[in-house]
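Here is a short report for a first look at this structure. Start with the sequence and the 3D view.

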2 protein chains.
Amino acid sequence: MITSTTGPQPADFADVRATNLAVVLRFVREHAPCSRADIAASTGLNKATVSSLIADLIDRRLVRETGLTENRVGRPATMLVLDGSPYAAIGVEINLDHVSAVATGLAGERLLTWRRAFSGGESVNRGMAEVGAIIRRVLGRMAKEERQVLGLAVAVPGLVDVQGTARIAPNLGWRDADIGGDLAKALRDPGFPIQVDNDANLAALAEQRFGAHAGASDLVCLTGGIGVGAGIILDGRLRRGRLGYSGEIGHVQLDPDGPACPCGRRGCLEVMAGIGAVLRRKVSPAEVQMEIEEAVRLARAGDAGTLATLDAVGRSLGKGVSILANLLNPEVVVLGGYYVPLAPWLLPAVHDELGRRVIALEAGGCQVVASALGHDAAALGGAARVLDSIDSGRLPGGLSRIP
Amino acid sequence: MITSTTGPQPADFADVRATNLAVVLRFVREHAPCSRADIAASTGLNKATVSSLIADLIDRRLVRETGLTENRVGRPATMLVLDGSPYAAIGVEINLDHVSAVATGLAGERLLTWRRAFSGGESVNRGMAEVGAIIRRVLGRMAKEERQVLGLAVAVPGLVDVQGTARIAPNLGWRDADIGGDLAKALRDPGFPIQVDNDANLAALAEQRFGAHAGASDLVCLTGGIGVGAGIILDGRLRRGRLGYSGEIGHVQLDPDGPACPCGRRGCLEVMAGIGAVLRRKVSPAEVQMEIEEAVRLARAGDAGTLATLDAVGRSLGKGVSILANLLNPEVVVLGGYYVPLAPWLLPAVHDELGRRVIALEAGGCQVVASALGHDAAALGGAARVLDSIDSGRLPGGLSRIP
């Protein structure tokens, strides 16, 4: 089954029991060890309902009793903690020159992190064959560990609609690629949901769950690559817009008289503040890393040209961030990808522009920081998205193993 | 009590019973007449719980039995409809030269719409005295009709923080005005919540509940005045950002070499696409209406200068709307205020720019339309916000009348 929605909206006319199961599971995740009475007191659910929900979660091996009890007024209470030992969530990130895969357990603990060279950008078929091969190896590892895979989410650098079709992935050259469907075939209907999402969206989910600002309600993640995309979290949830195309900040025009962008427009954020603006020459995707390391070396050495370039890129980036701050008033904007090693030289200019351009005092409280998650944030975000689905009430059915 | 939050987040660790009450109330609002069994079947709540929730809602006179029954397989079911006859929601909009007040019943039916000249922009004290006087007259009318006031929400053209303080209302010249607190004093603690919000936010709530695109999940409302603000609804709820300062599109820079803006920056959306860009001369707030009517007359008559001005303003507005469409992928952007009479001449240029600038095909499905709600949209949105609070579970306590 391929699904790509954001999960059931709680307190809609959907199944209230599923919502309540999710509420209880999240409570245990955040407050374990805790008792049934703690849950009842904090959620307002009555004790009989909580006992029934907990019995269900124990059946699914999502929660377990510790055996420990805590003495309170009256009688001792059996304490509950998250179980989840038989489960895994998988995230995969498709990049121009490599594919990353991450698997985590139910509590988000990292089970594996793999990276493989990728040459499938030319055709969707070849790309999907390569990605499918990597995922099969991850599934093999999870089967060996006797873990049931809760789901897989795949990050793609491009416009992904809410059905999970990659409409346009310009730098890969893909159009209307049914990545979820292709992978389901390649994996022979693996029995868990496959989700496909924009890479900035998944990086934002990773920041929300695992980053230095984990738990922030209003967070925007900016991917720093040749392309620049935004993942927008407001009031605690990723906001995709009507068809899933939110976060396309890359071709917002900063200057009508700015440099020509490969998209045919002028003065786009991507051409003024993307990583391409830092490189001294046109390079292949595989060479970008090396070029950025060289820029860092030159900046450290005080090379005037490099410092001027980074200041200019930082100013353009600051213009883009100030649009986000004015429109969305986030608590934090997290800079990911290649912005991370360059952040010491970009951030002063970003902060300066923010101070000038944001209407609210002190930039509306908006912080701008470099990501602490490293290069596989979008893959990790894929696993986070699977865990989010569980938290939203899409619980695993039982304990059947992968075939 | 002054409150200004967005109401309890359903399925958070808040009171689940309150959430379930709200779920049932919304179901009756949207599906009346309906039976208890219908509610149980659609919400997944068990029948005993539904009966208990309905008894509570009947006690509060939010729901009533029709006396009608419907024969189904088995036995006849008593049908339920929204009651709410003893309630009123009040919205007030503070403008530069007038104040509007709207009262509605629980189902949104309009009870009164008033507009009064306003000269209180110079000082907060004088302004609050004038606004307080109007509200007292509205309350008097509601008391005469024996309606309990569920709440009052006040729209202010400026930055309003989540506590309801108007931090900066530049065109009124107000700073750090505790409008909610001042009104509570002026009304002598009236016993209902007073909320204060940005005018674009409340206009967006009015569009979501009462406009031509009512029910749209992803909707942005742009106020068309001397100032331009955005109210942003994503996934069905207003998104305020961290401190409440979202939607400040007015001073997003469209062109670094554009005309000087009164704010001190250059090329702001407000100076290029605000109503001031349509006027031929500097006018007082009271004269704007007349000037816009003259512009409409000239445009109808085919005056070349006016048409060129409206095309240029439409192009700048299109740049702004395309930023919204790229970042947020809304289903619809609703143009309010003075954009409404000018829409026939603005929209062609807006659509053209949208087609050029939005990355997703067909502008990501984003429609741009003129509001059908008229000039008091933000006041109506105040009433909508009060009704939203009820829908979110902040139910009235009982049937006590206004003192």
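## Two copies

Chain A superposes on chain B through a rotation of 180° with 0.0 Å of shift along its axis, at an RMSD of 0.0 Å. The two copies are thus related as by a two-fold rotation axis. The model is a predicted one.

The copies meet through the same surface, because 98% of the interface residues of chain A are also interface residues in chain B.

## Nonpolar cores

The largest nonpolar core holds 96 residues. Leu222(A) and Leu222(B) have the most contacts inside it. A second core is separate and has 35 residues, including Val92(A), Val131(A), Val138(A) and Val154(A). In soluble globular proteins, nonpolar side chains tend to be buried together.

What does Leu222(B) touch, leaving out residues up to four places away in sequence? Among its contacts are Val228(B), Ile249(B), Leu317(B) and Tyr339(B). Val333(B), Val334(B) and Leu335(B) are also touched by Leu222(B).

## Strand E15 of chain B

Strand E15 of chain B spans residues 332–335, and both its faces are covered. Val332(B) and Val334(B) are buried on one side. Val333(B) and Leu335(B) are buried on the other. In a regular strand the side chains alternate between the two faces of the sheet.

E15(B) runs parallel to strand E12 of chain B (residues 219–222), joined by 4 bridges. Here Leu219(B) has Val332(B) as its bridge partner. E15(B) also pairs with strand E16 of chain B (residues 367–370), in the parallel sense and over 4 bridges. Val368(B) in E16(B) stands opposite Val333(B).

## A β-α-β unit

Helix H10 of chain B covers residues 339–357. Together, E15(B), H10(B) and E16(B) make a right-handed β-α-β unit.

Definitions and conventions
Residues are numbered from 1 along each chain as its sequence is written. Chains are lettered from A and ligands numbered from 1 in the order in which they are written. This is a predicted model: local features need pLDDT of at least 70, side-chain atom pairs count only at pLDDT 80 or more; totals for chains, interfaces and linings use all residues. Side-chain values use heavy atoms; hydrogens and water are left out. A nonpolar core is a set of buried Ala, Val, Leu, Ile, Met, Phe, Trp, Tyr and Cys residues joined through side-chain atoms within 4.5 Å. Buried means under 20% relative accessible area, exposed over 50%, partly exposed in between (1.4 Å probe, protein chains only). Contact means heavy atoms within 4.5 Å. Copies are superposed by least squares on the C-alpha atoms of residues with pLDDT of at least 70 in both. Helices (H or I, at least four residues) and strands (E, at least two) are DSSP runs, numbered from the N terminus. Two strands pair if DSSP finds at least two bridges between them. A crossover is right-handed if, with the strands pointing away from the viewer, the path from the first strand over the helix to the second runs clockwise.
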